[in-house]
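Please look over the chain below before reading the briefing. The notes that follow are meant to be read beside it.

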Amino acid sequence: MGGFYMTYLESMCRRRGWRDPLYETYRSSSGYTCLVLVNGREYQTDLAYESDGQAQENAAMRAFMVCRNFSVNGGMLARNGVVQGLPANERSDHRHRRRRNGGRSHSA
């Protein structure tokens with residue numbers, strides 16, 4: 001089960017008629033990072049987290065905070081030198097895609 005922001009992000013996407021968010025989590029020696037695809041744009045974590053769930057929740061928070069004011073900033077927000085909300089192709093070559101529902105991984 002996802003966290004607060006994952007739930008809010010999914011609900012917002014459904015209200016706006018967008019596809020459900022797609023999560024990609026990556027594990028490295030420093031921890032987990034996550035990238036979430038929302039309405040054709042990518043949002044990512046700023047730090048490495050102890051679990052994939054924490055990384056997904058942080059990416060969802062970043063996406064939600066930008067997308068809730070989508071018309072104000074065009075879906076982009078600079079944080080720590082990283083521009084959030086970069087246009088992305090849903091069929092791009094990403095290694096692992098994870099949906100909030102069921103936490104299953106599948107390739108693009």
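This is a predicted model: local features need pLDDT of at least 70, side-chain atom pairs count only at pLDDT 80 or more; totals for chains, interfaces and linings use all residues.

Residues are numbered from 1 along each chain as its sequence is written, and side-chain values use heavy atoms, with hydrogens and water left out.

**Overall make-up**

- The protein chain has three helices and eight strands; helices (H or I, at least four residues) and strands (E, at least two) are DSSP runs, numbered from the N terminus.
- Read from the N terminus, the order of elements is α-β-β-β-α-α-β-β-β-β-β.
- The chain holds 108 residues, and 38% of them count as buried, that is, under 20% relative accessible area with a 1.4 Å probe and protein chains only.
- Among contacts in the protein chain with a separation of 6 or more, 50% come from residues 24 or more positions apart; contact means heavy atoms within 4.5 Å.

**Helices α1 and α2**

- Helix α1 spans residues 4-15 and helix α2 spans residues 52-67; they pack at an angle of about 45°, and their axes are 8 Å apart.
- The axes are lines fitted to C-alpha atoms over the stretch in contact, and angles run from 0 to 180 degrees between N-to-C directions.
- The two helices, α1 and α2, are therefore oblique to each other: angles under 35 degrees count as roughly parallel, over 145 as roughly antiparallel, 65 to 115 as roughly perpendicular and the rest as oblique.
- On the α1 side, F4, Y5, M6, Y8, L9 and M12 take part, and they meet Q56, E57, A60, M61, A63, F64, M65 and C67 of α2.
- The residues of this contact between α1 and α2 comprise 12 nonpolar, one polar and one charged.

**Loop residues**

- N39 sits in the loop between β2 (31-38) and β3 (41-44).
- N39 is not a glycine, yet its phi is positive, at about 50°.
- Most residues other than glycine have a negative phi.
- The relative accessibility of N39 is 36%, so N39 counts as partly exposed (between the 20% limit for buried and the 50% limit for exposed).
- D46 is found in the loop between β3 and α2, and is also partly exposed, with a relative accessible area of 34%.
- Between D46 and R62 there are 9.2 Å in space, C-alpha to C-alpha, and the two are 16 residues apart in sequence.

Notes:
Ala, Val, Leu, Ile, Met, Phe, Trp, Tyr, Cys and Pro count as nonpolar, Asp, Glu, Lys and Arg as charged, and the others, Gly among them, as polar.
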